[in-house]
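Please look over the chain shown below before reading on.

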Amino acid sequence: MHLIVDRGHPVGDYGAEQGFTGDGGDKDAREDMFANAVPVYEDNDLIGTDATTSDDNFDRRHPLYRAIRDFAAVYDRHPALRSGAQIHRYSSDGPGVYAFSRIDRDERIDYVVALNNSEQAQTASIPTYVAKRPFQRVYGQGADQVRSAANTTLPLTVPPRSTRTTFLLWTLLRKLDLRLKKSRSTPPNATPKPTRSSAPNSSQRSARSRRRS
Ligand SMILES: [Ca+2]
Ligand SMILES: [Ca+2]
């Protein structure tokens with residue numbers, strides 16, 4: 001579900017929302033959704049339920065279907081997740097937390113996305129551009145509000161991976177005071193630059209600018 005909040009267009013393959021698996025990896029995981037008696041399908045262990053391909057699998061209550069629906073609603077509500085600049089914030093050395101920000105150039109609100117691919121809850125200090133500012137939880141489990149520290153890092157505890165808590169989304173409660181840097185390598189409508197703290201890598205271009213190029 002990283003794909004939904006990362007830059008670019010999220011794409012879901014047929015059957016992923018029903019936990020189809022297949023014998024030959026991704027290419028062979030396109031079973032019929034209507035109940036059928038295809039021998040090579042029948043013994044497949046579908047992810048997330050006890051259903052088999054002998055059952056009707058147009059299932060809107062499937063846990064993956066519901067998770068994707070919820071993620072899509074978050075994506076739809078927050079334009080920064082669709083076209084905002086993406087700024088790398090944090091990554092663990094091994095399994096653990098990966099975090100990045102999405103910032104829409106007009107809205108100028110920092111959306112911090114934190115993911116945890118380990119089996120245990122992980123705590124990390126995520127760099128941001130602002131000190132001592134409240135961030136509000138938009139999606140995922142945790143406190144309703146977290147405040148950035150004096151050194152601008154946001155202390156987050158990210159739950160272990162599961163279909164319902166695949167990412168945490170936090171948003172700054174007021175606009176950042178950003179200016180746009182003009183350069184040959186960074187189009188004027190691309191990555192916003194902070195007026196304080198560290199600047200993002202100039203190679204990090206927004207999805208919007210990428211589509212125009
Ligand atoms: Ca099979
Ligand atoms: Ca199963």
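What follows is a short briefing, grouped by topic.

This is a predicted model, in which local features need pLDDT of at least 70 and side-chain atom pairs count only at pLDDT 80 or more, while totals for chains, interfaces and linings use all residues. Residues are numbered from 1 along each chain as its sequence is written, and chains are lettered from A and ligands numbered from 1 in the order in which they are written. The chain has five helices and ten strands, where helices (H or I, at least four residues) and strands (E, at least two) are DSSP runs numbered from the N terminus.

**Confidence**
- The mean pLDDT of the chain is 82, and 80% of its residues reach 70 or more; pLDDT is the predictor's confidence in each residue, on a scale from 0 to 100.
- Among the elements of the chain, strand 1 has the highest mean pLDDT (95), whereas helix 5 (residues 207–212) has the lowest (46).
- Residues 183–190 have a pLDDT below 50, and this stretch has 16 contacts in the model beyond near neighbours in sequence, a contact being two residues whose C-beta atoms, placed from the backbone, lie within 7 Å.
- Residues 197–213 also have a pLDDT below 50, with 32 contacts beyond near neighbours in sequence.
- Where pLDDT is low, the predicted coordinates should not be read in detail.

**Burial and the core**
- Buried residues make up 29% of the 213 residues in the chain; a residue is buried if 20 or more other C-beta atoms, placed from the backbone, lie within 10 Å of its own, exposed if 12 or fewer, and partly exposed in between.
- The largest nonpolar core has 29 residues, of which Ala99, Val112, Val113, Ala114 and Leu156 touch the most other members; such a core is a set of buried Ala, Val, Leu, Ile, Met, Phe, Trp, Tyr and Cys residues joined through C-beta atoms within 7 Å.
- This core draws at least three residues from each of domain 1 (1–77) and domain 2 (83–172), with bounds that come from an automatic or database domain assignment.
- Among contacts between residues at least 6 apart in sequence, 51% join residues at least 24 apart.

- Strand 1 (residues 85–91) runs antiparallel to strand 2 and is joined to it by six bridges, two strands being paired if DSSP finds at least two bridges between them.
- Tyrosine 98 in strand 2 is the bridge partner of serine 91, and tyrosine 98 also stands opposite leucine 115 in strand 3.
- The hairpin of strand 1 and strand 2 has five residues between the strands, and glycine 96 in this hairpin takes a positive phi near 155°.
- Strand 2 and strand 3 are antiparallel and joined by seven bridges, forming a hairpin with six residues between them.
- Seven of the seven residues of strand 3 are buried: Asp110, Val112, Ala114 and Asn116 point one way, and Tyr111, Val113 and Leu115 the other way.

**Loop residues**
- Arginine 108, in the loop between strand 2 (97–103) and strand 3 (110–116), has a positive phi near 55° although it is not glycine.
- Arginine 108 counts as partly exposed because 16 other C-beta atoms lie within 10 Å.
- Threonine 152, in the loop between strand 6 (145–147) and strand 7 (153–158), is another residue that is not a glycine and has a positive phi, of about 75°.
- Threonine 152 has 19 other C-beta atoms within 10 Å and is therefore partly exposed.
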